[in-house]
Amino acid sequence: MDSLTRTLPASWFCSSELYQLERRAVFLKSWHLLGPVTRFQKRSEPLVYEIAQVKLIVENQSPDSDGVSMEGIVVYAEEKGREIKYHLTPSGLLFATLSLDAPEFEEFFPGLEDLTNKVDFTKLPHRRSISYEGRFNWKTMIDGYQECLHCQYTHPTFSKFYPPTFYSVTNHLNFSQHVADPTKPNDGLFLYFFPICTLNVYGGGMSSFRTLPSATVPGLARMEFDYYHNGTEAEFEEYYKFVRQVALEDFELCEKAQWNLERGVYGEGILNPVKENGVAFYQGKVREAVYRQHGLEKEEKKRAEHSLVKAVGGKVDAVAVEIAAVA
Ligand SMILES: [Fe+2]
């Protein structure tokens, strides 16, 4: 049993201090998907994102006459003095960081563009965005996204189109690719970007969601969904109904799971090495980053205390010399 990966303990889903560590260890050092360029085509309306309490603003400064344009898109933090990085992939996906602590894009997501370049993201117009709160920790939602063991009983409509029998997850350095049906390589591109963003191209359209942690309540997150489709109004509505059904089924599952985590009904368990390899992957990354950050901060504190002792010690020595001189 020792070789099997265990889940993060329930306390990691219920602690404010732990979230503050995650914020410094994970969120401020990662790249986050903001959307495809079609999301940023209303020149008069800059978009505001709030990720881990950092506000990012996206503006499209190109003239309207340019049509769907990648050229004029700029991203900056609302907070004065906060520097960030942003990157547009060749096929039109916009990513940004929350600080300069994140590595370069290619270093964080090696190999990602080989995959995303297969889809032209400039061709799917933005149709709708919705946002609402959920009573769950951000990881509770990602736990569910990163496996499909729950799909058959939770998502009967989805499972009809994408039978979970073939479902597999391939993990890369900081993203995972989900393959729902290997016989349909052109339908269904499901990507998870560590830590909180996803991109789901299926059912004729595309959706993307972010699970945004609350600053103060560990068991609370804001879900933000963006929907893209190039069909008629009726076709879009049909697609929307389908994907909303799946999202609501997940939402209910997450609120119930969090309830169990907060009340000691579920503590921790063992992950299925095949069917839950996506969960093991991202939880392992969180665990490692949090431990590393904790170690770094402990070292820093020790160093700060040491230099304080030295400084005070120096002053005491100087006073001793003065007293000796007077005597
Ligand atoms: Fe699900």
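Guide: Buried residues make up 35% of the 327 residues in the protein chain; a residue is called buried if 20 or more other C-beta atoms lie within 10 Å of its own, exposed if 12 or fewer, and partly exposed in between, with C-beta atoms placed from the backbone. The model is a predicted one, with local features needing pLDDT of at least 70 and side-chain atom pairs counting only at pLDDT 80 or more, while totals for chains, interfaces and linings use all residues. Residues are numbered from 1 along each chain as its sequence is written.

The C-alpha trace spans about 95 × 60 × 35 Å along its principal axes. Eight helices and 13 strands make up the secondary structure of the chain; helices (H or I, at least four residues) and strands (E, at least two) are DSSP runs numbered from the N terminus. Of the contacts between residues at least 6 apart in sequence, 64% join residues at least 24 apart, where a contact means that two C-beta atoms, placed from the backbone, lie within 7 Å.

Helix 7 takes in residues 233-262, 30 residues in total, and reaches 42 Å from its first C-alpha to its last, close to the 44 Å expected at 1.5 Å a residue; the expected span is 1.5 Å times one less than the number of residues.

Which residues of helix 7 are buried? They are Tyr 239, Val 243, Asp 250, Cys 254, Ala 257, Gln 258 and Leu 261. Their cover includes strand 7 (126-134), helix 4 (138-145), strand 12 (205-213) and strand 13 (221-229).

Leaving out residues up to four places away in sequence, Gln 258 touches Phe 13, Arg 135, Phe 136, Asn 137, Thr 140 and Gly 219. Of these, Thr 140 is itself a buried residue of helix 4. Ile 130 is 128 residues from Gln 258 along the chain, and their C-alpha atoms are separated by 22 Å.

Now for the sheet behind these elements. Seven strands form an open sheet in the order 7-13-12-11-10-9-8, with antiparallel pairing; two strands pair if DSSP finds at least two bridges between them. Strand 7 and strand 8 (168-171) stand at the edges with a single partner strand each, so one side of each has no neighbour in the sheet. From one strand to the next, the twist averages 15°. Within this sheet, strand 9 (residues 175-179) and strand 10 (residues 189-193) pair in the antiparallel sense over four bridges, and Phe 175 has Phe 193 of strand 10 as its bridge partner. Helix 4 packs on the sheet, touching strand 10, strand 11 (197-202), strand 12 and strand 13, and its direction makes about 145° with that of strand 12; axes are lines fitted to C-alpha atoms, for helices over the stretch in contact, and angles run from 0 to 180 degrees between N-to-C directions. Helix 4 is mostly covered, with eight of its eight residues buried; among them are Trp 138, Met 141 and Tyr 145.

For contrast, look at helix 8 (residues 277-326), which holds Arg 287. Arg 287 counts as partly exposed because it has 15 C-beta neighbours inside 10 Å. Its C-alpha is separated by 36 Å from that of Lys 241, 46 residues away along the chain.

Glu 50 has Lys 55 as its bridge partner in strand 3, while Val 58 stands opposite Val 75 in strand 4. Strands 2 and 3 form a hairpin with two residues between them, where Ala 52 in the turn has a positive phi of about 50°.
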